[in-house]
Amino acid sequence: MPRPLLLWRPEPVTAPDTPRPPRTFRWRGRDWQASAQTGPERIAPEWWLDDPDWRSGPRDYWRVDTDRGERLWLFYAHGGATSSGWFCQGSFA
């Protein structure tokens, strides 16, 4: 799967807490509508490292195209030391 051009620390996304990619979601104070999704690609934390950013457990990454033309890198965190849920971590060119 291609990687995003811009990366940032995971930011919470308001969406139903289900592993299916959301059709609508709220991120950075704006409502978004997904027009297409590609994925998932599962990435798991390295068990030998205690990285606070990975306490959410395994992640399923999706490339989400929006009706505004944005292409975002969202992931669903399955939960670990923290709760499950959706996050945005990057954008594609």
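1. Aromatic pairs. The count of aromatic pairs comes to 7. Rings of Phe, Tyr and Trp (its six-membered ring) pair if their centres lie within 6.5 Å; planes under 30 degrees apart are stacked, over 60 edge-to-face, and the rest tilted. Trp 8 and Trp 27 have ring centres 5.8 Å apart and planes at 15°, so this pair is stacked. The pair links distant parts of the chain: Trp 8 is in strand S1 and Trp 27 in strand S2, 19 residues apart. Strands (E, at least two residues) are DSSP runs, numbered from the N terminus. Ring pairs also link Trp 8, Phe 25, Trp 27 and Trp 32 into a cluster.

2. Basis. This is a predicted model, where local features need pLDDT of at least 70, side-chain atom pairs count only at pLDDT 80 or more, and totals for chains, interfaces and linings use all residues. Residues are numbered from 1 along each chain as its sequence is written, and side-chain values use heavy atoms, with hydrogens and water left out.

3. Charges over rings. The charged end of Arg 28 sits over the ring of Trp 8, 4.8 Å from its centre. Arg 68 has its charged end over the ring of Trp 32, at 4.7 Å from the centre. The criterion is NZ of Lys or CZ of Arg within 6 Å of the ring centre and within 35 degrees of the ring normal.

4. Main core. The largest nonpolar core has 12 residues, among them Phe 25, Trp 27, Trp 32, Trp 62 and Trp 86. Such a core is a set of buried Ala, Val, Leu, Ile, Met, Phe, Trp, Tyr and Cys residues joined through side-chain atoms within 4.5 Å. Buried means under 20% relative accessible area, exposed over 50%, and partly exposed in between (1.4 Å probe, protein chains only). Strands S2 (24-27), S3 (30-43), S4 (59-66), S5 (71-77) and S6 (85-91) each give two or more residues to this core. S5 gives the largest share, 3 residues. A second, separate core has 5 residues, including Trp 73, Phe 75, Ala 77 and Phe 92.

5. Trp 27 is buried, at 4% relative accessible area. Beyond its neighbours within four places in sequence, Trp 32 is in contact (heavy atoms within 4.5 Å) with Arg 23, Thr 24, Phe 25, Trp 27, Thr 66, Arg 68, Glu 70 and Leu 72.

6. Strand pairing. Two strands pair if DSSP finds at least two bridges between them. S2 and S3 run antiparallel, joined by 4 bridges. They form a hairpin with 2 residues between them, and Arg 28 in the turn has a positive phi of about 55°. Trp 27 has Arg 30 as its bridge partner in S3. S3 and S4 are also antiparallel, over 7 bridges. Here Gln 37 stands opposite Val 64 in S4.

7. Salt bridges. There are 5 (side-chain nitrogen of Lys or Arg within 4 Å of a carboxyl oxygen of Asp or Glu). Arg 3 pairs with Glu 41, closest N and O atoms 2.7 Å apart. Arg 3 lies in the segment before strand S1 (6-13) and Glu 41 in strand S3, so the bridge ties together parts 38 residues apart in sequence. Both ends are partly exposed: Arg 3 at 44%, Glu 41 at 21%. Arg 71 bridges Asp 65 at 2.6 Å. Arg 71 is partly exposed, at 32%, whereas Asp 65 is buried, at 15%. Asp 31 and Arg 26 meet at 2.9 Å, N to O, with Arg 26 partly exposed at 36%.
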